[in-house]
Amino acid sequence: MKKKRDDTIDDSGCKSCKTGGTCDEDCVCRGQSISCSKACSCSDSCTNRPFRREKKVKIVKTRLCGWGVKAAESIKKGDFVIEYIGEVINDALCEQRLWDMKHRGDQNFYMCEIRKDFTIDATFKGNASRFLNHSCNPNCKLEKWQVDGETRVGVFAAQAIEAGEQLTYDYRYWRIIPVMVIQMSLRRIQLSRLSRKQEEVRQRETKLGPEM
């Protein structure tokens, strides 16, 4: 169950709908990745509420890439597939978890950085979306939406997808942190801390002056 933040406003979101409309491709809010809300004047058949229903998908074991996800039904281009969910953590907790995972030797975990102090960690709490593999020629893409005042990330079909086809997206466009990148991230953290320590030593030596 998705926990609602205390500062979420029920009537926030799109309010530019035509009365009784269905919010098709010409919807202003759709173009801004803002989901229609309860405050909208559109009809119950509004098509600009993508996070209401996910497509049927299946987690599978692939031959070369470990676990993966396949479509269990045909999907049209532009359709919402599944939400990328997990724990929302800040930068400090993200760094701590990277160290903990490094020390444990974990190899299966993913984090998606949305903005400063807003990282979605699907390592411990997530859904099938965390098993989508990378592709330089993907059939899906991640999109950031505003839904009832909350920032949510969804996987959308970048092209028509047939049932049984593996779902992929390009990691390079998002701050997805797989195990290979963890090594570099931890290295940057180590270098940063080392630089600070070296600077502190240099400052102390400057204050003490040269030895006589």
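Modeller: Start with the largest nonpolar core, which has 22 residues. Val 81, Tyr 84, Ile 120, Val 155, Ile 161, Leu 167 and Tyr 169 touch the most other members. β2 (67-71), β3, β5, β6, β8 (140-147) and β9 each give two or more residues to this core. Apart from it lies another core of ten residues, among them Cys 14, Ile 34, Cys 36 and Cys 42.

Biologist: What is a nonpolar core?

Modeller: In soluble globular proteins, nonpolar side chains tend to be buried together. A core here is a set of buried Ala, Val, Leu, Ile, Met, Phe, Trp, Tyr and Cys residues joined through side-chain atoms within 4.5 Å. Buried means under 20% relative accessible area, exposed over 50%, and partly exposed in between (1.4 Å probe, protein chains only). This is a predicted model: local features need pLDDT of at least 70, side-chain atom pairs count only at pLDDT 80 or more, and totals for chains, interfaces and linings use all residues. Residues are numbered from 1 along each chain as its sequence is written, and side-chain values use heavy atoms, with hydrogens and water left out.

Biologist: Which residues is Val 155 in contact with, leaving aside its neighbours within four places in sequence?

Modeller: Contact means heavy atoms within 4.5 Å. Val 155 touches Asp 79, Phe 80, Val 81, Ile 82, Leu 132, Cys 140, Lys 141 and Leu 142. For the protein chain, take contacts between residues at least 6 apart in sequence: 65% join residues at least 24 apart.

Biologist: How many helices and strands does the protein chain have?

Modeller: Both are DSSP runs, numbered from the N terminus: helices are H or I with at least four residues, strands E with at least two. The chain has three helices and eleven strands. Their order from the N terminus is α-β-β-β-β-α-β-β-β-β-β-β-β-α. Of its 212 residues, 40% are buried.

Biologist: Which strands pair in the antiparallel sense?

Modeller: Two strands pair if DSSP finds at least two bridges between them. Strand β3 (residues 80-84) and strand β9 (residues 150-157) pair that way, over four bridges. There, Glu 83 has Gly 154 in β9 as its bridge partner. Five of the five residues in β3 are buried.

Biologist: Are the faces of β6 (residues 118-121) covered or exposed?

Modeller: Both are covered. Phe 118 and Ile 120 are buried on one side, Thr 119 and Asp 121 on the other. β6 runs antiparallel to strand β4 (residues 87-89), with three bridges. Ile 89 stands opposite Thr 119. Strand β5 (residues 111-115) also runs antiparallel to β6, with four bridges. In the β5 and β6 hairpin, two residues lie between the strands, and Asp 117 takes a positive phi near 60°.

Biologist: How many aromatic pairs are there?

Modeller: A pair of aromatic rings is described by the distance of the centres and the angle of the planes. Rings of Phe, Tyr and Trp (its six-membered ring) pair if their centres lie within 6.5 Å; planes under 30 degrees apart count as stacked, over 60 as edge-to-face and the rest as tilted. The count is five. Tyr 169 and Tyr 171 form a tilted pair, 5.2 Å centre to centre with 55° between the planes. Both tyrosines, Tyr 169 and Tyr 171, are buried. Ring pairs also link Phe 51, Phe 80, Trp 145 and Phe 156 into a cluster.

Biologist: Why does Asn 137 count as exposed?

Modeller: Asn 137 counts as exposed because its relative accessibility is 65%. Asn 137 sits in the loop between β7 (133-134) and β8.
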